Amino acid sequence: MTLYLSFRSQAVGGAVAGPILLQGNGTATPPALSVVPPQSIAGVFRGRSVLFATHGFNVSYQAGACALGNLETQLTADGFLRASDCFVGVLWPGDFWIPVINYPFSGGDAIESGKRLAAFCNDWQSAMQSVSFVSHSLGARLVLQAVSLMQRRARSVCLTAAAINRDCLLSEYERAAGNSDSISILSSDNDLVLKLAFAVGDPISDLLDPDHTPFEAALGFKGPPVPAALPIQAPWQTPQTPPYDHGNYLPPSDAPLPDPTPDPLWPKAVDFMGRAYRGDPQTWP
């Protein structure tokens, strides 16, 4: 049974709403999830280390629930999630029927969801032993927005294929960097989405919300500016072979594990996430 914090008002697209804490089988079709009563929330988190994990842009409710449910399964199977840990998949409306056209406007949804995630963490912080985060793609903005507004420090933050400017931890999210004990980044200069779509969409986003250096490459494409200071951890660049593209970081979003078409790439990325969460030395890349 997986926990989810949902900021969605519709299965596809829609405005930011909630959050509502859900529980159940997110890998079912459709997801078989029920609402956790508000009076039960403190008991769910009490004394536990909480890991919030979120998907990125252009991910529907069903696809997000499935991928994050599979992520919990794999992290548990690999021994990174233990009985004292609490995994929470974060579902947010980072999708639209015309994805590339909508991309410049989705940063606002990520920011609003991040603000609401911070408020949720602040409301229940007395119950939580620690708070950590892992994200994919545009989910990085959601996570960094939340960390920048939290009343407690994030124990660990792991950003994979981050669709956000590579200098963000020195500029718009400098406060998030200062409120984190450890930040791990996984990037790939073989990521065609970040190489092409981000390069087209982000300058438009800059005009709508000029809060960072324009025309910077994505953090998930080139990694942070070097030399990178703590709390940023090294290494962060995936090897050239095999090449990691934008969809090679998370488990399948259309079927429960075991993967019917095994992909040798995402398990290594999940291992990276798990090691970042536990504070273990990275053995890859």
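Begin by selecting strand β1, residues 2–8: seven of its seven residues are buried, so β1 is largely enclosed by the rest of the structure. Here, buried means under 20% relative accessible area, exposed means over 50%, and partly exposed lies in between, with a 1.4 Å probe and protein chains only. Strands (E, at least two residues) and helices (H or I, at least four) are DSSP runs, numbered from the N terminus.

Before continuing, note that this is a predicted model, in which local features need pLDDT of at least 70 and side-chain atom pairs count only at pLDDT 80 or more, while totals for chains, interfaces and linings use all residues. Residues are numbered from 1 along each chain as its sequence is written, and side-chain values use heavy atoms, with hydrogens and water left out.

**Stop 1**

Now select Thr-2, which has its place in strand β1. Thr-2 counts as buried because its relative accessibility is 7%. What joins the side chains of Thr-2 and Glu-72? The link is a polar contact of 2.5 Å. A polar contact is a pair of N or O atoms within 3.5 Å; within protein, one must be able to donate a hydrogen and the other to accept it, and residues adjacent in sequence count only if both atoms are side-chain atoms. Leaving aside residues up to four places away in sequence, Thr-2 touches Leu-22, Gln-23, Gly-24, Gly-69, Glu-72 and Phe-87, where contact means heavy atoms within 4.5 Å.

**Stop 2: the partners of β1**

Two strands pair if DSSP finds at least two bridges between them. Display β2, residues 16–25: β1 and β2 pair in the antiparallel sense over six bridges, and Leu-3 has Gln-23 of β2 as its bridge partner. Then display β5, residues 85–91, which pairs with β1 in the parallel sense over four bridges; Tyr-4 stands opposite Gly-89 in β5.

**Stop 3: the whole sheet**

Show the eight strands of the open sheet, in the order β3-β2-β1-β5-β4-β6-β7-β8, with mixed pairing. Strands β3 (32–35) and β8 (183–186) stand at the edges with a single partner strand each, so one side of each has no neighbour in the sheet. On average, neighbouring strands are turned by 25° against each other, direction ignored.

**Stop 4**

Select helix α2 (residues 61–77), which lies across β1, β3, β4, β5 and β6 and runs at about 160° to β5. Axes are lines fitted to C-alpha atoms, for helices over the stretch in contact, and angles run from 0 to 180 degrees between N-to-C directions. Next select helix α4 (residues 139–149), which packs on the sheet and touches β4, β5, β6 and β7, its direction making about 150° with that of β6. Ten of the eleven residues of α4 are buried, so α4 is largely enclosed by the rest of the structure.

**Stop 4: the cysteines**

A disulfide requires a pair of cysteine sulfur atoms within 2.5 Å, and a search of the whole structure finds zero disulfides. Cys-158 is buried at 2% relative accessible area, and Cys-168 is buried at 0%.
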